[in-house]
There are 2 protein chains.
Amino acid sequence: MALIVQKYGGTSMGSTERIKNVAKRVAKWKAAGHQVVVVPSAMSGETNRLLGLARELSSSPDSRELDMIASTGEQASSGLLAIALHQEGVQARSYTGWQVPIKTDSAFTKARITSIDHERIRAELDSGKVVIVTGFQGIDPDGNITTLGRGGSDTSAVAVAAAIKADECLIFTDVDGVYTTDPRVEPNARRLNVISFEEMLEMASLGSKVLQIRSVEFAGKYQVPLRVLSSLTPPELPVEQEMRSGTLITFEEDAQMEDAVVSGIAFTRDEGKITLLGVPDTPGVAYVILGKVAEANIDVDMIVQNQSVDGTTDFSFTVHRNDFEKVKGLIEKHVISAVGARQMIADEDVAKVSIVGIGMRSHAGIASLMFQTLAQENINIQMISTSEIKTSVVIADKYMELAVRALHKAFDLETPASAS
Amino acid sequence: MALIVQKYGGTSMGSTERIKNVAKRVAKWKAAGHQVVVVPSAMSGETNRLLGLARELSSSPDSRELDMIASTGEQASSGLLAIALHQEGVQARSYTGWQVPIKTDSAFTKARITSIDHERIRAELDSGKVVIVTGFQGIDPDGNITTLGRGGSDTSAVAVAAAIKADECLIFTDVDGVYTTDPRVEPNARRLNVISFEEMLEMASLGSKVLQIRSVEFAGKYQVPLRVLSSLTPPELPVEQEMRSGTLITFEEDAQMEDAVVSGIAFTRDEGKITLLGVPDTPGVAYVILGKVAEANIDVDMIVQNQSVDGTTDFSFTVHRNDFEKVKGLIEKHVISAVGARQMIADEDVAKVSIVGIGMRSHAGIASLMFQTLAQENINIQMISTSEIKTSVVIADKYMELAVRALHKAFDLETPASAS
């Protein structure tokens, strides 16, 4: 008998028919002798509908009240799932974030979980019930309802799993696992049976949308084994088969792992690039350039400064597209003349492509195979950034799909690696 | 400066446009120097939508989970109203039933309020805020969310008004007050400026739909002055004018009251009549007949037993139409032979028409004017029931509108009475 947390996304909860399917799936796990906690999202579209009403009333609605409103979506879907489970003959009870309670800080609309009181969940599990805990929400020290931000239900599920020391946290979603890259770009993309926590963290931060990055961080902090698997398979699929399906995100870097040096290719079009040409190569110039951006609370992703020639250098960095226009304005107004740069080039038609793999730690030459592959396709590399287990490049937007496919082939990701 | 509770029904909260109007109205009261607590219903249609989803999953959904689901409607509308008030430049904060807290028993879907902790509301009012409290819901001793049943937001508003000792509780609705009778039946029906609490209680229990009966009972228990008024007037209507509009339900039976002996005419088609003919007139026969009905938890309304003739009597009673078929079956199966009745007559084509007025206490001949009026119209009276301040008759369904109009005229309800 295992203790399992199962999270179901908004698509999986999108209609009463789908909620019935979730109930069938949960009932199957219960019948197989497992203890189950379920964390459902709101029915798909519901959170947007609620926030849309708030935005009809105000362009900058109060964030405490937004959480009051948005949290109702998960509360309703949790109650509905309890009723669907009763129909399957399963004892079940739903709990809101404040009823558990899931305690958070007071950062409305993007709160962080501080602690979970698991006594009530444990007692209900021990009495034979399936426990349903609303995703996405908690309660702050003053008794206000808080929400965890978009994708927060993943984080709720992982946090509950950590609190009750679950054997595994299953994230049921509309894809059947983590792929070597997005199958919509590379049809030969292959589902990974296992991926290390560190690789998953890089993939999530580099553009993979399968898991919300904060939930992966939380899983890392509390060593919660995560599995991403499909909620679109028939609910009657045998438990033994389902518990080995999808992708396991593991902390054990051992024989279980595939033997590949590169596990996946992530990509994003979410960033824009700003380059300052002819910046005098003097101490403190990077601070002058990026200090203004930091003051505006804007995150900078990649930063590249070249070797100086004739006492000047070119300085490039990328920011999220949502902040791009703002950053352009800041640089034009405050930075160009201050540092004496010759010119600014702002380019939104860029993409970032990254290879990720813990094998890169022990294998030399991985990055150069990446550069060689792109060169063969005549793709110019604009920026390079590396860390221990990933290499990212910025290239022209239009080459992104080509780059992903070429790298997927070059690193032989179509073929399962020897182990596992 | 007065302390005012304002309740807005689902129609008044039915869209973001209407919520903006509610906010304008509340802002106006605040600007006039009053302290205001607002109790909103869910947006119209929302509670039905949520319960409809539950019924798609189960024909007999668990009542605890129904409350979990249904309570979200008021939570969302309360948050939305807070945001709309902020847009009006008014400081406002919404509270759920459990946040106040409004404590109830554990009778899910029809819970009763046991106490309200008003400390939080008071503190927010004293800091200059408008306080929004979700209608319809509370929290039971085990920390579960409960709801008060249909129309429960009226009860929430009255209970909050009682707890904070409000000067008046304003029930904003889609009619502009309590009428002498339903204007759809009698176009000459007249709005009452004042009605006594006891009369309002009789009107509500006899078929008037303006106020939910439990909210009137609650107002009576805690002596909360209630006013029913329109939410469809322009929100800019001056406060001085609005605070005298609608109908005041008062506990002061003094000069304020109109001098009429009859204040209103209530009617309903919600009941069916069952008559047992030729019942032997022996002790205990009423118990045999109605005992079976009581065992099935069905409320009996009117009961009439005539003087016996030749040792037998006719026994009639009325029950709600929802229970009618069930009661017919019970009587046929268990009662007719047990009491030796000659025959059962079950008649659903009946209506109950009632005249209500505290003046009936001190004026003789009111009931006979009612009987005379109906006789002049050739309307046969099938059953009569009286109490201190009302007389009800059961007549054939088809005469109901005619009876209401004839009585309205006979008791001169078209003309305002002398006082007030």
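In this predicted model, 100% of the interface residues of chain B are also interface residues in chain A, so the copies meet through the same surface. The relation between the chains can be stated geometrically: chain B is superposed on chain A by a rotation of 180° with 0.1 Å of shift along its axis, the RMSD being 0.1 Å. The two copies are therefore related as by a two-fold rotation axis. Within chain B, the C-alpha nearest this axis belongs to B:Thr72, at 2.6 Å from it.

Attention now passes to the annotation in chain A. An unreviewed UniProt entry lists A:Thr47 and A:Glu74 under "binding site". These residues span 28 residues in sequence, yet no two of their C-alpha atoms are more than 8.7 Å apart, so they gather at one spot.

The two positions belong to separately numbered helices: A:Thr47 is found in helix α2 (residues 46-57) of chain A, while A:Glu74 lies in helix α4 (residues 72-87) of that chain. A:Thr47 has a relative accessibility of 12% and, because this is under 20%, counts as buried. A:Glu74 is likewise buried, with a relative accessible area of 3%.

Their surroundings complete the picture. Apart from neighbours within four places in sequence, A:Thr47 is in contact with A:Ala42, A:Ala70, A:Glu74 and A:Arg150. With residues up to four places away in sequence again left out, A:Glu74 touches several residues, among them A:Pro40, A:Ser41, A:Ala42, A:Thr47, A:Phe136 and A:Ser153.

How values were computed. Residues are numbered from 1 along each chain as its sequence is written. Chains are lettered from A and ligands numbered from 1 in the order in which they are written. This is a predicted model: local features need pLDDT of at least 70, side-chain atom pairs count only at pLDDT 80 or more; totals for chains, interfaces and linings use all residues. Side-chain values use heavy atoms; hydrogens and water are left out. Copies are superposed by least squares on the C-alpha atoms of residues with pLDDT of at least 70 in both. Contact means heavy atoms within 4.5 Å. UniProt positions are given in the numbering used here, feature names are shortened, and annotations may be inferred rather than shown by experiment. Helices (H or I, at least four residues) and strands (E, at least two) are DSSP runs, numbered from the N terminus. Buried means under 20% relative accessible area, exposed over 50%, partly exposed in between (1.4 Å probe, protein chains only).
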